[in-house]
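Hello,

Here is the structure I promised to pass on to you. Have a look at it first, and then read my notes below.

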Amino acid sequence: MNWSVSFEPLFSWPLVVAGLVPLALLALVGLWLRQRGAWFRLAALAALALALINPVFLDEQREPLKSVVAVVVDHSQSQDIGDRAKQTDEALAGLKQRLARFPQFDVRVVEAGKAEAAEDRTETRLFSALNGAFRDVPPSRIGGAVMITDGQVHDAPAGTPEFAAPLHALITGHQQEKDRRIRFEKAPRFGLVGKPLDITYRVIASDGESGPVEVRVSVNGEQVAVERAFIGQEMPLQVTVPNAGRNIIELAIPKEQGELTEANNRAIALVDGIRENLRVLLVSGEPHAGERTWRNLLKSDASVDLVHFTILRPPEKQDGTPINELSLIAFPTRELFVEKIDQFDLIIFDRYQHRDVLPILYYDYIAEYVEKGGALLIAAGPEYAGQQTIARTPLMSALPALPDGNVIDKAFYPRLTDLGKRHPVTRGLDGSASEPPHWSRWFRTIGVENPEGEVVMKGADDRPLLLLDRKGEGRVGMLLSDQGWLWARGYEGGGPHVQLYRRIAHWLMKEPELEEERLTADGRGMVLEVRRQTMSDDPGAAQVITPSGKALTVKLAQSEPGVFTGSVEVPEIGLYQVANGDLTALAHVGPVNAPEFADVVSTGNRLRPAANATGGSVRRLAREGLTGSSVALPAIVPVRAAAQASGDDWIGLRTTDDSVLKAVSRVPLFGGFLGLGLLLLALGSMWYREGR
């Protein structure tokens, strides 16, 4: 019961004061002059004043409020090391049991480190979770917080936390832990394909170990070198970027005996490979309507350095013009096709025919260039079916099809073959989904016999139109029509000539995205996405190895012709190995080299400044020589606000004086007959005294 007095005047305070002050002055003057009855008049005035002021006794019924205590449980991935998870579970169960004995505590258990988003798993952010638990609690009701963690907290404040209550940290793990880790110091984000990339890294040991250690260097899953590094020193490294696009450079050190974990014995760097300008040699055999189509396309590509020659007049044409006036620049055949042929990424013969401009031996050099990994494209016209066709030179060994002598002049719609609908060069060409295709007709097809490789487009009478073939380590493409310029000129609405020609050129130059058989994987949030590009009808499921060595199976379903995709939500951040058939791929899920794995040795140093600032404590759960339970929990003691909050074997949590009002009982002192009787008694006594 809480008693108090409240005044509830019958009139407003100004009116009460205005009425009582003159009467009080008269009563005081009477006392000063020692008039008879002055004391009775003063008593009557006091009774009148009390009646007007109306004092009321209040009896408040209050219910005490509980102090809010937060128990923050660290469930980050570093807590899965060793027996930390077991220690955490036992400590949480023990804390709940002990706190349940104190009805003055409102216990809130907050689990941190299980966020769905990958970016929320990169760091252990316990104080963010703690502040969220206290968001709706007044400062006076915060009793304290207990954190069960390995101490690797990445949002710990340097000084006093936002709440003014004891913070206690119970550290999992063991005192004598040791661990080694490797990290990149300098790793460029981009690199030139085929060029060395300068990188630096460092191997760190938690126990101050020094000495040499072997470092395995892998690029896109293939080991390329073994380096010798000294622990604690920044070491240089040069890696050649193999491919355009995403490349994964991995450094790994062997696990030491007694080491805490090998989860951080790997470091990953993602490097985007950028090609230097591709060198393309375009030789046009004669001027024709579509001559500039290839030139304009290649010149518009900033990543292509184009060398273009056009044979304006064959050597057999004699009209008396001096040799030195036939060309502004002589055609450097020996320099291009002998000395520097290996410097070109692609050679294009556009309606070219053999007319002794190139010596016959040079065709053999071109065929050898293809066998060794070069790329050749034949854009054929009627000359390919004629007597001076390049198919009658030593180049025939590199060609995917030889002419049958027929030139079919007939209108037709270029169509994709069943193979072409799955091939990355022609798959999904704009306008190919309708029948007839939503593009213009062509009017000429060059006949060939016994085509090799892949026929991805067909022309008039279902004859081959576009052939793609591999010769040795190189690639050859053959477009059996010179009518592609109709698409470029917009005839009958045109067609996707830029899309088609660019894909052909980049496939010939081995662009990874245009490979027929390709397996890629990528991490988006905490979802691993697998993409399989294939010419088969069913590639089967993909096998996945997680960073911790567990095996997963991802089913692949066709998303479009030639493309199968699948995805799976994964619980771990790190490098995943994906395999399907003979193909393998690597994917990193979550941020690269996240702080969560940078240092996994349990410690109380990060939380000690905040605990000391609040009067709390930091102590380990595991102790040497402990029997029975694997954790030693301190006793819990409720303490007042200004009292000490920790001891050798106990932790204190503050209680609050806050309460909530449930009901109020009112007892007026001068209300009813009691007040009326006292007032009449005072006035009667004054009248009686004045009457005498």
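Threonine 546 touches Leu552, Glu572, Leu575 and Tyr576, if we leave aside its neighbours within four places in sequence. Please keep in mind that this is a predicted model. With glutamate 572 there is also a polar contact, side chain to side chain, at 3.5 Å.

In general, strands of a sheet pair through backbone hydrogen bonds, either parallel or antiparallel. Here four strands make an open sheet, in the order S28-S27-S31-S32, and their pairing is antiparallel. Strand S28 (551–554) and strand S32 (583–589) are the edge strands, each pairing on one side only. From one strand to the next, the twist averages 25 degrees. Inside this sheet, S27 (residues 542–545) and S31 (residues 574–580) run antiparallel and are joined by three bridges. As an example, isoleucine 545 has glutamine 577 in S31 as its bridge partner.

Now for another sheet. This open sheet has eight strands in the order S16-S15-S17-S18-S24-S23-S22-S20, and the pairing is mixed. S16 and strand S20 (415–416) are at the edges with a single partner strand each, so one side of each has no neighbour in the sheet. S18 and strand S24 (residues 474–479) run parallel and are joined by five bridges.

Helix H7 (residues 360–371) touches S17, S18, strand S23 (464–471) and S24, and its direction makes about 115 degrees with that of S24. H9 lies across S15, S17, S18, strand S22 (454–458), S23 and S24, and runs at about 155 degrees to S24.

H9 also has a helix partner. Two packed helices are described by the angle between their axes and the distance between the axes. For H5 and H9, the angle is about 75 degrees and the axes are 11 Å apart. The two helices are therefore roughly perpendicular to each other. Which residues make the contact? H5 brings Thr293, Trp294 and Leu297, while H9 brings His497, Val498, Tyr501 and Arg502. Sorted by class, the contact has four nonpolar, two polar and one charged residues.

Which residues of helix H5 (residues 291–299) are buried? They are Glu291, Thr293, Trp294, Leu297 and Leu298. Their cover includes strand S15 (278–284), strand S16 (304–310), strand S17 (346–350) and S18, along with helix H8 (485–489) and helix H9 (497–508).

One more threonine to visit: threonine 393 lies in the loop between strand S18 (375–379) and strand S19 (402–408). Its contacts, leaving aside neighbours within four places in sequence, are His354, Ile360 and Tyr363. Why is threonine 393 called buried? Its relative accessible area is 4%, and the cut-off for buried is under 20%, so the name applies.

Enjoy exploring the model!

Best wishes

Key:
Residues numbered from 1 in each chain as written. Predicted model: local features only at pLDDT ≥ 70, side-chain atom pairs only at ≥ 80, totals over all residues. Heavy atoms only, no water. Buried < 20%, exposed > 50% of the residue type's maximum accessible area, 1.4 Å probe, protein only. Contact = heavy atoms within 4.5 Å. Pairing = 2+ DSSP bridges. Axes fitted to C-alpha atoms, helices over the stretch in contact; angles between N-to-C directions. Polar contact = N/O pair within 3.5 Å; in protein donor to acceptor, adjacent residues only side chain to side chain. Parallel < 35°, antiparallel > 145°, perpendicular 65-115°, else oblique. Nonpolar A, V, L, I, M, F, W, Y, C, P; charged D, E, K, R; others polar.
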